[in-house]
Amino acid sequence: MKALLFRRKPARYAAAVVAASVVPGSGARVGPLALEDVDPPELPGPDWVPIKPRLAGICGSDLSTIDGHSSRYFEPIVSFPFVPGHEVVADRAGPDDGAPDGSHRVVLEPVLGCVARGIDPPCGACARGDLGSCERISFGDIEPGLQTGFCCDTGGGWSTAMIAHRSQLHEVPAALSDEAAVMVEPTACAVHAALAAGVESGQTVVVLGSGTLGLLTLAALRRYTDPGTLAAVAKHPEQRRLARELGADVVLEPGEERRVVRRLTNSLAIGDGPITRLTGGADVVVDCVGTEAALADALALARPRGRILLVGMPGRVSVDLTGLWQRELQLVGAYAYGTETLADGTRRRTFDLAFELVEAADLGRLVSATYPLARYRAAIAHAAAAGSRGAVKIAFDLRNERERTR
Amino acid sequence: MPRPGFVLEVDRSTPPILFHHGEGFRLEKLPAGRSRVLYPAEPLPALRDPEGAIRHALANPMGDSEPLSALLFPGMKLTIAFDDISLPLPPMRRPDIRQRVIEQVLDLAAAAGVDDVMLIAALALHRRMTEAELRHAVGDRVYEAFAPHGLLVNHDAEDPDNLAFLGTTDQGEEVEINKRAAESDLIVYVNINLVSMDGGWKSTATGLASYRSLRHHHNVRTMRHSRSFMDRHSSELHHANWRMGKVLRDAGVKVFQIETTMNNDVFGAEGPMSVLQKREWEWSAKDRATFLAMKTGLDRLPMRARRRIFQSWLAPHQMTSVQAGEVEAVHELTTANVYAQHLVPVEGQTDILTMGLPYICPYNVNSIMNPILVMCLGLGYFFNLYKGRPPVREGGVLILSHPTTWEFHPVHHPSYIDFFEQVLSETTDPEVIERDFERSFAEDEWYRHLYRTSYAYHGVHPFYMWYWGSHALAHLGRVIIVGGDVRAVRRLGFQPASTLQDALEMASDVVGRDATITHVHNPPILMADVS
């Protein structure tokens with residue numbers, strides 16, 4: 001089978017870091033990612049099934065890995081070599097693997113929690129359904145890997161075949177297109193983030209970044225919370241258009257954040273000249289960028305005792321946390337998904353909420369371009385420059401890969 | 001004798017014409033046979049004895065006023081209000097007219113035994129003047145005598161403890177002005193009437209007013225009904241100020257108005273800048289070389305350096321008349337004197353009006369000409385420099401030349417930045433802007449704080465800039481800016497063009513290929529008297 005394989009090759013990794021510092025996405029040209037012929041992954045247990053990816057998205061975390069920006073934090077919780085790709089809509093490949101309604105398409109919930117790892121009894125988080133907080137992600141029947149796509153045993157979506165635990169699979173309704181289905185996983189991240197943001201009715205919420213995750217988080221905030229004002233920072237014209245469509249009340253450009261938030265919140269600013277410090281600020285700031293600058297912005301924009309939610313994957317950053325201390329800010333992470341508690345107290349699987357949102361907001365339209373595996377360098381370059389090229393989500397289209405039918 | 005302004009019909013022999021272009025210049029060849037250039041009059045002679053003229057005016061007032069000395073008495077409360085940094089343009093060489101006048105007023109007050117004197121910079125919602133600017137305006141002697149004692153102050157239109165509500169006009173307009181001024185036995189208002197819009201009741205009713213009062217005439221409806229606001233008798237802006245003047249008078253506020261006019265000597269007769277005051281076909285070889293060297297040098301300098309050079313220019317313009325006494329009588333003569341310098345008879349309207357916008361307008365002295373001020377200068381001030389009809393026909397095209405950089409002075413224009421980023425990104429329609437956004441900016445606590453304690457224009461000020469151009473926006477079919485920052489020009493709702501030729505080509509979509517063109521060669525200032 002064909003797969004894009006990411007091997008542990010320090011020299012190539014270093015080359016990727018250098019290349020990507022000049023042109024984002026160019027880690028795919030010089031780094032440790034390569035298109036290879038590999039054996040299909042073996043099933044590690046009876047509840048594992050083979051699946052054949054149809055579409056597999058390119059996520060910001062994938063780009064960070066390819067360009068060598070990922071934190072070393074991940075080293076003990078991934079296993080090499082791995083096939084990236086955790087945003088996957090696939091066909092069940094086993095002979096009797098059809099769903100009860102006869103459909104074969106599934107969306108992968110990639111977190112490799114206790115159930116997938118064959119750990120019984122599961123950890124407390126998995127027992128509660130909070131898979132993203134699993135405490136056993138490097139234990140059990142399979143090699144370490146916080147998700148499919150970062151584990152050497154499971155394969156990943158950037159290939160013509162992979163495996164999945166039955167508990168990871170969600171049937172795709174017949175009416176949902178592949179493009180919509182491939183958006184379910186990132187949408188689940190966004191739904192989880194929106195509900196983790198703790199937005200109270202009428203509050204001012206600012207979303208930094210309007211890439212895929214930022215746009216989806218906007219849509220999730222609009223559907224599952226009740227902000228008074230929802231503001232989005234969007235760099236590119238298409239992002240601004242989509243941000244408005246997906247529910248932002250106010251759309252602003254980078255550099256305008258402090259002034260706009262000051263006006264939205266009737267805050268004052270300290271000193272005259274360019275605004276550096278607000279006296280008040282937004283109730284909630286959702287950082288969907290994950291850079292040092294974005295975190296600094298978030299710290300500057302949140303009101304005293306406000307909440308900052310890190311949704312975009314950060315790495316090593318250097319920021320002044322004095323404001324966090326003096327203003328008693330809450331800095332909270334939001335990773336993956338599991339089970340959510342809604343405003344009315346009901347508990348729902350995040351993926352179920354994500355399916356609803358994808359359909360309601362027509363999020364399949366965010367898939368801007370697809371590529372065959374052989375053009376992976378172009379695909380990754382496109383994904384790395386998606387915003388400036390008027391695109392949102394770039395995905396691999398495996399439906400026509402020759403190896404898929406062998 | 002200085003030559004009057006005139007209209008040049010462009011033919012094949014006409015040399016390229018000077019267009020001011022912010023902190024630089026362009027030379028543009030206008031199409032022969034269908035273009036004309038409006039040239040300003042040469043500078044009128046300055047008063048030979050300005051001190052004597054002031055003395056004479058104070059002693060021989062106009063209208064029903066008594067001489068100033070007769071209005072001064074021991075124990076009285078005297079307030080001297082004077083025009084702020086927005087006048088004159090460019091700032092003049094020392095001594096400033098205000099200094100000359102104020103010193104004589106103070107001499108008379110001292111002679112009459114008046115102890116309670118306060119000087120107020122009548123800046124309305126403009127930014128406060130700095131110490132250096134105040135010193136330049138009133139002179140070091142006056143500054144030293146008054147400022148340290150808190151007796152020379154900037155008007156504060158947001159100080160609730162120092163505003164007096166005096167009533168409403170017959171049209172419901174609220175009149176609220178500086179309390180110290182309102183409660184004085186006499187206000188002496190010292191004007192510099194750079195253009196015909198300045199002075200009259202507008203001095204007190206606007207310069208010393210609050211937002212509560214100003215909003216009644218600084219709005220879209222008023223501006224659209226002022227045809228133009230440079231022509232007092234056709235200006236709703238002035239009608240409102242005159243109505244407010246009646247309220248002031250009825251409330252017992254006594255004003256002794258001193259108005260002065262100045263000549264067109266903006267660039268002088270000597271030095272490299274003097275070439276800007278000459279007509280192109282009269283440029284000598286030395287003039288051409290000077291201009292070329294100046295232009296080339298400027299073009300190579302960074303914007304910050306260019307701005308510093310231009311902003312440091314103190315113009316040699318001088319006083320041509322001084323009138324004092326009763327407000328309306330004074331203003332009639334002042335206006336006639338302004339017209340004597342500025343009016344240029346023009347026959348008929350044109351399809352395309354072109355203007356080269358200079359580096360300065362009333363609101364960027366010692367500051368930055370941001371895009372909103374570009375709009376205001378072009379569509380507000382320059383467009384309205386007409387009497388009778390606009391020089392461009394309804395539905396015609398206005399072509400401006402200016403770099404229009406996306407740049408703001410963060411201390412002077414904080415609300416402008418937000419207006420540009422947050423309001424103009426939504427709409428450029430003045431009525432919608434007024435309806436949906438004005439109040440929140442006007443009442444913004446931070447803008448208010450900066451206006452009162454720093455050197456910021458009031459939060460509502462960028463709105464007024466936009467309203468200033470609302471008559472032109474309604475009148476014109478298209479506005480094109482040559483050589484401007486494309487993004488900034490588009491944000492203003494206008495069209496960018498790289499060259500004048502491109503702009504004329506774009507204009508032909510609106511007014512046809514054989515459209516007539518009129519270029520206004522301003523500055524020095526001229527006012528088209530369109531028949």
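**Exercise 1: the meeting of two chains**

Work out how many residues of chain B are in contact with chain A, and what kinds of residue they are.

*Solution.* Keep in mind that this is a predicted model.
- Start with the count: twelve residues of chain B are in contact with eleven residues of chain A.
- Next, look for the helices on that side of chain B. Both α15 (414–423) and α18 (445–453) of chain B supply at least two residues each.
- Finally, sort the chain B residues that touch chain A: six are nonpolar, three are polar and three are charged.

**Exercise 2: placing a tryptophan**

Find where Trp313(B) sits in chain B, and decide whether Trp313(B) is buried, partly exposed or exposed.

*Solution.*
- First find the segment: Trp313(B) belongs to the loop that joins α12 (303–311) to β12 (319–325) in chain B.
- Now count neighbours. Trp313(B) has 16 other C-beta atoms within 10 Å, so Trp313(B) is partly exposed. Buried would take 20 or more, and exposed would take 12 or fewer.
- One more check: Pro90(B) lies 223 residues away along the chain, yet its C-alpha is 7.1 Å from that of Trp313(B).

**Exercise 3: a helix in chain A**

Describe the span of α6 (residues 184–196) of chain A, how covered α6(A) is, and what follows α6(A).

*Solution.*
- Take the span first: the 13 residues of α6(A) reach 18 Å from first C-alpha to last, close to the 18 Å expected at 1.5 Å a residue.
- Then check burial. Twelve of the 13 residues are buried, making α6(A) mostly covered. Among them are Glu185(A), His192(A) and Leu195(A).
- Last, step past the helix: Gly198(A) follows α6(A) and has a positive phi, near 65°.

Key. Residues are numbered from 1 along each chain as its sequence is written. Chains are lettered from A and ligands numbered from 1 in the order in which they are written. This is a predicted model: local features need pLDDT of at least 70, side-chain atom pairs count only at pLDDT 80 or more; totals for chains, interfaces and linings use all residues. Two residues are in contact if their C-beta atoms, placed from the backbone, lie within 7 Å. Helices (H or I, at least four residues) and strands (E, at least two) are DSSP runs, numbered from the N terminus. Ala, Val, Leu, Ile, Met, Phe, Trp, Tyr, Cys and Pro count as nonpolar, Asp, Glu, Lys and Arg as charged, and the others, Gly among them, as polar. The expected span of a helix is 1.5 Å times one less than its number of residues.
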